[in-house]
Amino acid sequence: DEALILFLEMLYEGAENINVVAAYLTDEDGRARPVGGGMIKSRDAWVRHIRDHGVPMSNAGVWVRPNPCAASGSGKDGAVTDSDIQDHRFVLLESDSLPLEVQLALFAGFKLLPLSAVMLSGGKSAHAWVRVDAKNAKEYSEIARRLFSALAPFGIDPKNKNASRLSRLPSAIRVIGRVEDGWQRLLWLNPGKGKLQEQDLAY
């Protein structure tokens, strides 16, 4: 899928490791939750994999961690944890409470936020990646805290503060929990917009 390959090539360096998770379990309410360590490959290896085998798929769709990580995860069953993150590049924004049309309008209206990518989850939400380029985990935590504090009045979910949070992999398709065709469609890609500045948090 050329959209996914472009996404990977624009947002990551060739040797950076990216974690993709397709395994899942379903809750009592039927919602799918990602489990396990998934697959970790370099950006270049993922591009080759997609060209040779296509986009990873599962009935629950596919997840990706926005931030580059170590070659292996240190968590349960090899899951990537916050301590495995090697570049604190993106903060994930989403809302489970707002209608999708409102979410997209909000993301379009956040003119000061350097949104590198926006994709549909295939379900009821969209995911927006804010470029922050924090120097370390401590700075990332402080930026995320201030960012979510500023955006809380708009209905943005504050739970995505940790650097190893999973987002949705563009171009995958989900069946469980899908809305319409379940396509995790890439809507926006702007790798050159810069990073979040101090004054951008002064709402």
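Predicted model: local features only at pLDDT ≥ 70, side-chain atom pairs only at ≥ 80, totals over all residues.
E16 sits in the loop that links α1 to β1, a strand spanning residues 17–21. Is E16 buried or exposed? Its relative accessibility is 16%, so E16 counts as buried, the cut-off for that label being under 20%. The side chain of E16 makes a polar contact with the side chain of R89, at 2.5 Å.

At the start of α1, a side-chain oxygen of D1 comes to within 3.0 Å of the backbone nitrogen of A3. Which residues of α1 are buried? They are L4, I5, F7, L8 and L11. These residues lie on the same side of α1, because the arc they cover around the axis is only 155°. An α-helix has 3.6 residues a turn, so residues three or four places apart point the same way. The buried residues of α1 pack against several elements: the strands β1, β6, β7 (115–120), β8 (126–134) and β10 (186–189), and the helix α2.

Two packed helices are described by the angle between their axes and the distance between the axes. For α1 (residues 2–11) and α2 (residues 43–53), the angle is about 175° and the axes are 10 Å apart. Helix α1 is therefore roughly antiparallel to α2, since angles over 145 degrees are given that description. On the α1 side, the residues that meet α2 are E2, L4, I5, L8 and E9. On the α2 side, R43, W46, V47, I50 and R51 take part. Sorted by type, the residues of this contact comprise 6 nonpolar and 4 charged, with no polar ones.

Helix α3, residues 100–109, can be read in a similar way. Its buried residues include Q103, L106 and F107. They are on the same side of α3, because they cover an arc of only 95° around the axis. What covers the buried residues of α3 includes β6, β7 and β8. The face turned away from this buried side carries the exposed residues E101 and A105.

D133, found in β8, has a positive phi of about 50° although it is not a glycine. D133 counts as partly exposed because its relative accessibility is 25%. Another residue other than glycine with a positive phi is E180, where the value is near 55°. E180 lies in the loop between β9 (167–168) and β10. With a relative accessible area of 74%, E180 is exposed.

One more loop remains. S74 lies between β5 (63–64) and β6 (88–93). At 51% relative accessibility, S74 counts as exposed, the cut-off being over 50%. Which residues are in contact with S74, leaving aside its neighbours within four places in sequence? They are A79, T81, S83 and D84. I156 is 82 residues from S74 along the chain, and the C-alpha atoms of the two are separated by 29 Å.

Notes:
Residues numbered from 1 in each chain as written. Heavy atoms only, no water. Axes fitted to C-alpha atoms, helices over the stretch in contact; angles between N-to-C directions. Helix = DSSP H or I, 4+ residues; strand = E, 2+ residues; numbered from the N terminus. Parallel < 35°, antiparallel > 145°, perpendicular 65-115°, else oblique. Contact = heavy atoms within 4.5 Å. Nonpolar A, V, L, I, M, F, W, Y, C, P; charged D, E, K, R; others polar. Buried < 20%, exposed > 50% of the residue type's maximum accessible area, 1.4 Å probe, protein only. Polar contact = N/O pair within 3.5 Å; in protein donor to acceptor, adjacent residues only side chain to side chain. Arc of directions from axis to C-beta.
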